[in-house]
Amino acid sequence: MSWELLELESSQKANTSSEYSCDAVKKPIEIYVFIDPMCPECWSLEPYLKKLSIEFGRLFTFRPIISGASKPLNHDNFDQPRKLREIWERTASRTGMSCDGDLWLENPIHSPITAYLAIKAAELQGIRYGKVFLRKVQESLFLKKKDISQESVLIECAKAAKLDLQEFKNDLHSDTAKKALQCDYKLNHEMEIDYMPTMVFFHKNIEEQGIKISGLYPYEIYVRVLSEMTEHLPIPSQHPSLEDFVQHYGVVGTKEVSVVYNWSLEKAEREMKKLQLKQVVEKIPAKHGSFWQYNEFK
(Lines give C-alpha, C1' and ligand atoms only; values in the text may rest on other atoms or scores of the structure.)
Protein backbone atom coordinates (compact mmCIF):
# COMPACT_ATOMS: atom_id res chain seq x y z
CA MET A 1 0.00 0.00 0.00
CA SER A 2 1.37 3.41 -0.87
CA TRP A 3 0.30 6.98 -1.25
CA GLU A 4 2.15 10.20 -1.79
CA LEU A 5 2.15 13.73 -0.45
CA LEU A 6 1.10 16.20 -3.08
CA GLU A 7 1.97 19.89 -2.98
CA LEU A 8 -0.45 22.49 -4.25
CA GLU A 9 -0.14 26.26 -4.08
CA SER A 10 -2.46 27.52 -1.35
CA SER A 11 -3.81 30.39 -3.44
CA GLN A 12 -4.80 28.02 -6.22
CA LYS A 13 -6.50 25.58 -3.85
CA ALA A 14 -8.50 28.44 -2.34
CA ASN A 15 -9.62 29.60 -5.75
CA THR A 16 -10.76 26.16 -6.93
CA SER A 17 -12.66 25.23 -3.78
CA SER A 18 -14.44 28.54 -3.18
CA GLU A 19 -16.79 27.93 -6.11
CA TYR A 20 -18.59 25.21 -4.24
CA SER A 21 -20.94 24.98 -1.28
CA CYS A 22 -20.21 26.48 2.12
CA ASP A 23 -19.90 22.92 3.47
CA ALA A 24 -16.34 22.97 2.20
CA VAL A 25 -15.62 25.72 4.73
CA LYS A 26 -17.29 23.92 7.64
CA LYS A 27 -15.77 20.49 7.08
CA PRO A 28 -12.04 19.97 7.70
CA ILE A 29 -11.31 17.72 4.70
CA GLU A 30 -11.87 18.24 1.00
CA ILE A 31 -11.44 15.29 -1.37
CA TYR A 32 -10.79 15.82 -5.04
CA VAL A 33 -11.97 12.74 -6.94
CA PHE A 34 -10.36 12.62 -10.39
CA ILE A 35 -12.53 10.49 -12.64
CA ASP A 36 -13.42 9.81 -16.21
CA PRO A 37 -17.17 9.08 -16.50
CA MET A 38 -16.36 6.51 -19.21
CA CYS A 39 -13.78 4.67 -17.10
CA PRO A 40 -15.02 1.34 -15.61
CA GLU A 41 -12.44 1.57 -12.81
CA CYS A 42 -13.96 4.91 -11.77
CA TRP A 43 -17.41 3.31 -11.82
CA SER A 44 -16.01 0.63 -9.51
CA LEU A 45 -15.08 3.31 -6.96
CA GLU A 46 -18.75 4.13 -6.38
CA PRO A 47 -19.37 1.65 -3.51
CA TYR A 48 -16.47 3.11 -1.53
CA LEU A 49 -17.54 6.71 -2.13
CA LYS A 50 -21.01 5.87 -0.84
CA LYS A 51 -19.64 4.17 2.26
CA LEU A 52 -17.27 7.05 2.99
CA SER A 53 -20.10 9.56 2.60
CA ILE A 54 -22.39 7.63 4.94
CA GLU A 55 -19.83 6.89 7.63
CA PHE A 56 -17.64 10.00 7.55
CA GLY A 57 -19.42 12.55 5.38
CA ARG A 58 -19.48 14.95 8.32
CA LEU A 59 -15.70 15.31 7.94
CA PHE A 60 -15.30 16.04 4.25
CA THR A 61 -16.74 17.21 0.98
CA PHE A 62 -16.24 15.45 -2.36
CA ARG A 63 -15.35 17.42 -5.43
CA PRO A 64 -15.45 15.44 -8.71
CA ILE A 65 -12.78 16.52 -11.21
CA ILE A 66 -13.19 15.41 -14.81
CA SER A 67 -10.22 13.86 -16.55
CA GLY A 68 -9.91 13.94 -20.31
CA ALA A 69 -8.43 10.45 -20.29
CA SER A 70 -10.89 8.93 -22.79
CA LYS A 71 -9.90 9.80 -26.33
CA PRO A 72 -12.11 9.78 -29.44
CA LEU A 73 -12.26 6.43 -31.21
CA ASN A 74 -9.64 6.00 -33.89
CA HIS A 75 -11.54 5.02 -37.04
CA ASP A 76 -8.37 3.46 -38.46
CA ASN A 77 -7.92 1.16 -35.48
CA PHE A 78 -10.48 -1.60 -35.97
CA ASP A 79 -9.27 -3.47 -32.87
CA GLN A 80 -9.92 -0.57 -30.49
CA PRO A 81 -13.65 -1.29 -29.81
CA ARG A 82 -12.89 -4.98 -29.24
CA LYS A 83 -10.08 -4.13 -26.80
CA LEU A 84 -12.32 -1.69 -24.93
CA ARG A 85 -15.00 -4.37 -24.70
CA GLU A 86 -12.49 -6.79 -23.16
CA ILE A 87 -11.36 -4.20 -20.61
CA TRP A 88 -14.93 -3.45 -19.55
CA GLU A 89 -15.84 -7.12 -19.24
CA ARG A 90 -12.78 -7.94 -17.14
CA THR A 91 -13.38 -4.97 -14.85
CA ALA A 92 -17.04 -5.84 -14.35
CA SER A 93 -16.23 -9.48 -13.57
CA ARG A 94 -13.57 -8.46 -11.07
CA THR A 95 -15.40 -5.66 -9.26
CA GLY A 96 -19.08 -6.67 -9.37
CA MET A 97 -20.03 -3.27 -10.81
CA SER A 98 -21.64 -4.16 -14.11
CA CYS A 99 -20.45 -2.47 -17.28
CA ASP A 100 -21.58 -4.03 -20.52
CA GLY A 101 -18.66 -4.05 -22.93
CA ASP A 102 -20.95 -4.93 -25.83
CA LEU A 103 -21.61 -1.21 -26.09
CA TRP A 104 -18.32 -0.81 -27.97
CA LEU A 105 -19.49 -3.21 -30.66
CA GLU A 106 -23.16 -2.21 -30.79
CA ASN A 107 -23.27 1.51 -30.01
CA PRO A 108 -19.70 2.87 -29.75
CA ILE A 109 -19.09 6.34 -28.36
CA HIS A 110 -16.89 8.25 -30.76
CA SER A 111 -16.13 11.28 -28.60
CA PRO A 112 -16.84 11.91 -24.89
CA ILE A 113 -16.41 15.69 -24.87
CA THR A 114 -20.15 16.47 -24.85
CA ALA A 115 -20.64 14.30 -21.77
CA TYR A 116 -17.75 16.06 -20.02
CA LEU A 117 -19.28 19.47 -20.76
CA ALA A 118 -22.70 18.27 -19.61
CA ILE A 119 -21.31 17.30 -16.20
CA LYS A 120 -19.78 20.75 -15.75
CA ALA A 121 -23.05 22.33 -16.92
CA ALA A 122 -24.97 20.32 -14.31
CA GLU A 123 -22.55 21.45 -11.59
CA LEU A 124 -23.48 25.06 -12.34
CA GLN A 125 -26.82 24.27 -10.67
CA GLY A 126 -24.97 23.16 -7.52
CA ILE A 127 -22.34 20.59 -6.71
CA ARG A 128 -24.97 18.20 -5.31
CA TYR A 129 -26.90 18.27 -8.58
CA GLY A 130 -23.67 17.76 -10.47
CA LYS A 131 -22.92 14.59 -8.51
CA VAL A 132 -26.40 13.19 -9.08
CA PHE A 133 -26.18 13.98 -12.78
CA LEU A 134 -22.77 12.31 -13.03
CA ARG A 135 -24.22 9.16 -11.49
CA LYS A 136 -27.13 9.17 -13.97
CA VAL A 137 -24.64 9.49 -16.83
CA GLN A 138 -22.71 6.49 -15.51
CA GLU A 139 -25.89 4.44 -15.14
CA SER A 140 -26.92 5.28 -18.71
CA LEU A 141 -23.51 4.25 -19.99
CA PHE A 142 -22.62 1.16 -17.97
CA LEU A 143 -26.07 -0.33 -17.36
CA LYS A 144 -28.12 0.79 -20.36
CA LYS A 145 -25.40 0.92 -23.05
CA LYS A 146 -26.48 4.39 -24.12
CA ASP A 147 -24.31 6.77 -26.10
CA ILE A 148 -23.67 9.53 -23.57
CA SER A 149 -22.24 11.77 -26.26
CA GLN A 150 -25.78 12.23 -27.59
CA GLU A 151 -27.53 15.33 -26.30
CA SER A 152 -30.87 13.50 -26.09
CA VAL A 153 -29.35 10.97 -23.67
CA LEU A 154 -27.84 13.74 -21.57
CA ILE A 155 -31.19 15.50 -21.34
CA GLU A 156 -32.72 12.23 -20.09
CA CYS A 157 -30.03 12.17 -17.40
CA ALA A 158 -30.78 15.80 -16.53
CA LYS A 159 -34.46 14.94 -16.08
CA ALA A 160 -33.57 11.99 -13.85
CA ALA A 161 -31.30 14.25 -11.79
CA LYS A 162 -34.16 16.79 -11.48
CA LEU A 163 -32.16 19.61 -13.03
CA ASP A 164 -33.67 22.77 -14.44
CA LEU A 165 -33.79 21.55 -18.06
CA GLN A 166 -33.79 24.92 -19.79
CA GLU A 167 -30.89 26.13 -17.69
CA PHE A 168 -29.03 22.90 -18.38
CA LYS A 169 -29.56 23.17 -22.14
CA ASN A 170 -28.28 26.74 -22.11
CA ASP A 171 -25.25 25.91 -19.97
CA LEU A 172 -24.32 22.83 -22.00
CA HIS A 173 -23.07 25.00 -24.86
CA SER A 174 -21.88 27.92 -22.73
CA ASP A 175 -18.38 29.32 -22.34
CA THR A 176 -18.82 28.86 -18.58
CA ALA A 177 -19.03 25.07 -18.91
CA LYS A 178 -16.07 25.06 -21.29
CA LYS A 179 -13.98 27.12 -18.86
CA ALA A 180 -14.96 24.85 -15.96
CA LEU A 181 -13.83 21.80 -17.94
CA GLN A 182 -10.55 23.51 -18.81
CA CYS A 183 -10.03 24.18 -15.10
CA ASP A 184 -10.47 20.47 -14.44
CA TYR A 185 -7.92 19.63 -17.13
CA LYS A 186 -5.52 22.16 -15.60
CA LEU A 187 -5.86 20.51 -12.18
CA ASN A 188 -5.17 17.12 -13.75
CA HIS A 189 -1.94 18.50 -15.21
CA GLU A 190 -0.80 20.40 -12.12
CA MET A 191 -1.42 17.46 -9.78
CA GLU A 192 0.21 15.05 -12.24
CA ILE A 193 -2.82 12.76 -12.41
CA ASP A 194 -1.87 9.84 -14.62
CA TYR A 195 -4.25 7.11 -13.45
CA MET A 196 -8.01 6.85 -13.04
CA PRO A 197 -9.47 7.02 -10.49
CA THR A 198 -7.32 9.16 -8.21
CA MET A 199 -8.39 10.73 -4.91
CA VAL A 200 -6.54 13.65 -3.36
CA PHE A 201 -7.24 14.47 0.30
CA PHE A 202 -6.68 18.04 1.54
CA HIS A 203 -6.98 19.40 5.07
CA LYS A 204 -8.14 23.01 5.31
CA ASN A 205 -5.43 23.72 7.92
CA ILE A 206 -2.62 22.18 5.87
CA GLU A 207 -2.35 24.43 2.86
CA GLU A 208 0.74 23.00 1.20
CA GLN A 209 0.15 19.26 1.16
CA GLY A 210 -2.43 16.72 0.16
CA ILE A 211 -2.40 12.93 0.10
CA LYS A 212 -2.89 11.39 -3.33
CA ILE A 213 -4.16 7.83 -3.80
CA SER A 214 -4.19 6.49 -7.35
CA GLY A 215 -6.25 3.44 -8.24
CA LEU A 216 -8.71 1.29 -6.31
CA TYR A 217 -7.83 0.27 -2.74
CA PRO A 218 -9.60 -1.55 0.07
CA TYR A 219 -11.98 0.69 1.99
CA GLU A 220 -9.78 0.63 5.09
CA ILE A 221 -7.06 2.56 3.25
CA TYR A 222 -9.34 5.55 2.71
CA VAL A 223 -10.35 5.48 6.38
CA ARG A 224 -6.67 5.37 7.36
CA VAL A 225 -5.98 8.50 5.31
CA LEU A 226 -8.88 10.31 7.00
CA SER A 227 -7.51 9.20 10.36
CA GLU A 228 -4.05 10.55 9.54
CA MET A 229 -5.44 13.87 8.39
CA THR A 230 -7.69 14.34 11.43
CA GLU A 231 -5.06 12.83 13.78
CA HIS A 232 -7.55 10.42 15.32
CA LEU A 233 -9.64 7.44 14.28
CA PRO A 234 -13.08 8.87 13.49
CA ILE A 235 -16.15 7.03 14.72
CA PRO A 236 -18.37 6.02 11.78
CA SER A 237 -21.88 7.43 11.68
CA GLN A 238 -24.83 5.09 11.96
CA HIS A 239 -25.97 3.52 8.72
CA PRO A 240 -29.44 4.31 7.39
CA SER A 241 -31.96 1.54 6.94
CA LEU A 242 -31.54 -0.33 3.67
CA GLU A 243 -34.82 1.09 2.36
CA ASP A 244 -33.73 4.65 3.18
CA PHE A 245 -30.38 4.01 1.50
CA VAL A 246 -32.01 2.84 -1.73
CA GLN A 247 -34.55 5.64 -1.66
CA HIS A 248 -31.81 8.25 -1.27
CA TYR A 249 -29.69 7.02 -4.18
CA GLY A 250 -32.49 5.81 -6.44
CA VAL A 251 -30.42 3.10 -8.15
CA VAL A 252 -27.91 0.92 -6.29
CA GLY A 253 -25.92 -2.19 -7.08
CA THR A 254 -25.76 -5.30 -4.93
CA LYS A 255 -22.00 -4.68 -4.72
CA GLU A 256 -22.68 -1.20 -3.31
CA VAL A 257 -25.06 -2.61 -0.70
CA SER A 258 -22.49 -5.27 0.17
CA VAL A 259 -19.70 -2.74 0.70
CA VAL A 260 -21.78 -0.18 2.60
CA TYR A 261 -23.31 -2.69 5.04
CA ASN A 262 -20.33 -5.06 5.33
CA TRP A 263 -22.40 -7.95 3.99
CA SER A 264 -21.43 -10.73 1.65
CA LEU A 265 -22.74 -10.38 -1.88
CA GLU A 266 -25.08 -13.29 -1.16
CA LYS A 267 -26.58 -11.59 1.89
CA ALA A 268 -26.87 -8.26 0.07
CA GLU A 269 -28.74 -9.99 -2.75
CA ARG A 270 -31.10 -11.68 -0.27
CA GLU A 271 -31.87 -8.41 1.51
CA MET A 272 -32.57 -6.65 -1.78
CA LYS A 273 -34.88 -9.48 -2.85
CA LYS A 274 -36.84 -8.94 0.38
CA LEU A 275 -37.38 -5.32 -0.65
CA GLN A 276 -38.34 -6.52 -4.11
CA LEU A 277 -41.06 -8.75 -2.62
CA LYS A 278 -42.38 -5.70 -0.77
CA GLN A 279 -42.36 -3.82 -4.09
CA VAL A 280 -39.93 -1.29 -2.64
CA VAL A 281 -37.46 -1.89 -5.48
CA GLU A 282 -37.42 -3.26 -9.00
CA LYS A 283 -34.51 -5.28 -10.36
CA ILE A 284 -32.63 -3.75 -13.28
CA PRO A 285 -31.27 -6.17 -15.87
CA ALA A 286 -27.46 -6.11 -15.75
CA LYS A 287 -24.86 -8.24 -17.49
CA HIS A 288 -22.69 -8.59 -14.37
CA GLY A 289 -23.99 -8.50 -10.81
CA SER A 290 -27.37 -6.95 -10.10
CA PHE A 291 -28.80 -3.45 -9.72
CA TRP A 292 -31.99 -2.20 -8.13
CA GLN A 293 -34.19 0.85 -8.64
CA TYR A 294 -36.31 2.38 -5.92
CA ASN A 295 -40.02 2.24 -6.72
CA GLU A 296 -41.34 5.77 -6.18
CA PHE A 297 -44.92 4.63 -6.74
CA LYS A 298 -45.03 1.79 -4.23
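Thr 254 touches Leu 265, Ala 268, Glu 269, Ser 290 and Trp 292, leaving aside residues up to four places away in sequence, where contact means heavy atoms within 4.5 Å. This threonine has its place in helix H14, residues 254-261; helices (H or I, at least four residues) and strands (E, at least two) are DSSP runs, numbered from the N terminus. Thr 254 counts as buried because its relative accessibility is 5%, with buried meaning under 20% relative accessible area, exposed over 50% and partly exposed in between (1.4 Å probe, protein chains only). The C-alpha atoms of Thr 254 and Glu 271, 17 residues apart along the chain, are separated by 9.4 Å.

The model is predicted, so local features need pLDDT of at least 70 and side-chain atom pairs count only at pLDDT 80 or more, whereas totals for chains, interfaces and linings use all residues. Residues are numbered from 1 along each chain as its sequence is written, and side-chain values use heavy atoms, with hydrogens and water left out.

Helix H13 (residues 242-249) packs with helix H15 (residues 265-277) at an angle of about 80°, and their axes are 11 Å apart. Axes here are lines fitted to C-alpha atoms, for helices over the stretch in contact, and angles run from 0 to 180 degrees between N-to-C directions. H13 is therefore roughly perpendicular to H15; angles under 35 degrees count as roughly parallel, over 145 as roughly antiparallel, 65 to 115 as roughly perpendicular and the rest as oblique. On the H13 side the contact is made by Leu 242, Glu 243 and Val 246, and on the H15 side by Glu 271, Met 272 and Leu 275. Sorted by class, the contact of H13 with H15 has four nonpolar, no polar and two charged residues. In this scheme Ala, Val, Leu, Ile, Met, Phe, Trp, Tyr, Cys and Pro count as nonpolar, Asp, Glu, Lys and Arg as charged, and the others, Gly among them, as polar.

Charged side chains come next. A salt bridge is a side-chain nitrogen of Lys or Arg within 4 Å of a carboxyl oxygen of Asp or Glu, and by this rule the count comes to 22 salt bridges. One of them joins Glu 89 to Lys 287, with the closest N and O atoms 3.2 Å apart. Glu 89 lies in helix H5 and Lys 287 in the loop between strand E7 (281-284) and strand E8 (291-294), so this pair ties together parts that are 198 residues apart in sequence. Glu 89 is buried at 12% relative accessibility, while Lys 287 is partly exposed, with a relative accessible area of 38%.

Because Asp 100 lies in the loop between H5 and H6 and Lys 287 in the loop between E7 and E8, the pair ties together parts that are 187 residues apart in sequence. Asp 100 is buried, with a relative accessible area of 11%. Lys 287 also forms a salt bridge with Asp 102, the closest N and O atoms being 3.0 Å apart. Asp 102 is buried as well, with a relative accessible area of 16%. Arg 85, Glu 89, Asp 100, Asp 102, Glu 106, Lys 145 and Lys 287 are linked in a network of salt bridges.

Gly 101 has its place in the loop between helix H5 (80-95) and helix H6 (103-106). This glycine counts as buried because its relative accessibility is 0%. Residues up to four places away in sequence aside, Gly 101 touches Arg 85, Trp 88 and Glu 89. Its C-alpha atom and that of Leu 143, 42 residues apart along the chain, are separated by 10.0 Å.

Glu 282 has Gln 293 in E8 as its bridge partner. The hairpin of E7 and E8 has six residues between the strands, and in it Gly 289 takes a positive phi near 65°.

Overall, the protein chain holds 15 helices and eight strands. Buried residues make up 54% of its 298 residues.

Key
Pairing = 2+ DSSP bridges.
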